[in-house]
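Visitor: I have a model open and a few minutes. Can you walk me through it?

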Amino acid sequence: MTAKERVFVGLGSNLQAPAEQIRQALASLQALPGCAWVGASGLYVSDSLLAGQPRYSNAVVALDTCLDPIALLDALQHIENEQGRVRAERWGPRTLDLDIILFGQRVLDKPRLRIPHYHMHARPFVLYPLAELVDEGFRLPDGRDLKSLLQACPFEGLERLHDLP
């Protein structure tokens, strides 16, 4: 049996009742084969990185998984597709976006997947929810500590709404 690794997955939605899309994705993630549910951050709302798009609902979840990174990515993309994700335009509005933020202490740079997630260090809608799920001294695989990343990434354009189930 493969040892389980702690994985953090970012959730985002800005179409078709975004908060409900997040809640539906949480249920799918809790039932994901090869994964054990650890917990979820609160629900946040953030401005879109691109002008003219609706605001996003965001969260981060922690899972323990025995899946390899590409198998997990495939499972996450299946959930996105089940919830109506259409990949018409890069960084376009979406019903659901599930991103592997961190996968244990792995560093991976493949055509389909980069771990840690690129630009996570500059995205408050990733860092602040992640901080709810880790210890204060948490470090990324490259040694950077989350506390320093939070200090360099202001809580701007972000609003914490409530806890998730």
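Guide: We will take cysteines, helices, a few loop residues and some backbone angles. This is a predicted model, in which local features need pLDDT of at least 70, side-chain atom pairs count only at pLDDT 80 or more, and totals for chains, interfaces and linings use all residues. Residues are numbered from 1 along each chain as its sequence is written, and side-chain values use heavy atoms, with hydrogens and water left out.

Visitor: Cysteines, then. How many disulfides does a search of the whole structure find?
Guide: The search finds 0. A disulfide here is a pair of cysteine sulfur atoms within 2.5 Å.

Visitor: Which cysteine sulfur is nearest to Cys-35?
Guide: That of Cys-66, 7.1 Å away.

Visitor: Is Cys-35 buried or exposed?
Guide: Cys-35 counts as buried because its relative accessibility is 12%. The cut-offs are under 20% relative accessible area for buried, over 50% for exposed, and partly exposed in between (1.4 Å probe, protein chains only).

Visitor: And what about Cys-153, buried or exposed?
Guide: Cys-153 is buried, at 4%. Arg-123 touches Cys-153, and also Leu-49, His-117 and Tyr-118, not counting residues up to four places away in sequence. Contact means heavy atoms within 4.5 Å.

Visitor: Where is Arg-123 found?
Guide: In the loop between β7 (114-115) and α3 (124-131). Helices (H or I, at least four residues) and strands (E, at least two) are DSSP runs, numbered from the N terminus.

Visitor: Which side chain of opposite charge is nearest to Arg-123?
Guide: Asp-99, at 5.8 Å. Arg-123 is buried yet has no salt bridge. That would take a side-chain nitrogen of Lys or Arg within 4 Å of a carboxyl oxygen of Asp or Glu. For charge, Lys and Arg count as positive and Asp and Glu as negative, while His and the chain ends are not counted.

Visitor: On to α3. How many of its residues are buried?
Guide: 7 of the 8, so α3 is largely enclosed by the rest of the structure. Among the buried ones are Phe-125, Leu-127 and Tyr-128. The cover includes β1, β3 (43-46), β4 (56-65), β5, α4 (146-151) and β8 (158-162).

Visitor: Now α2. Which residues are buried there?
Guide: Pro-69, Leu-72, Leu-73, Ala-75, Leu-76, Ile-79 and Glu-80. Seen down the axis of α2, these buried residues fall within an arc of 165°, so they line one face of the helix. The arc is that of the directions from the helix axis to the C-beta atoms.

Visitor: Why one face?
Guide: An α-helix has 3.6 residues a turn, so residues three or four places apart point the same way.

Visitor: What covers that face of α2?
Guide: The cover of its buried residues includes β1, α1, β2 (35-40), β5, β6 (108-109) and β7.

Visitor: Where is Gln-83?
Guide: In the loop between α2 (69-82) and β5 (97-103). Gln-83 is buried, at 8%. Its contacts include Gln-21, Ser-28 and Thr-95.

Visitor: Backbone next. Which peptide bond is cis?
Guide: The one from Ile-115 to Pro-116, with omega near -5°. Pro-116 sits in the loop between β7 and α3.

Visitor: Where is His-119, and what is its phi?
Guide: His-119 lies in the loop between β7 and α3. Its phi is positive, about 65°, although it is not a glycine. Most residues other than glycine have a negative phi, and most peptide bonds are trans.

Visitor: What is the phi of Ala-17?
Guide: Near 60°, a positive value. Ala-17 is in the loop between β1 (5-13) and α1 (18-30), and is partly exposed at 48%.
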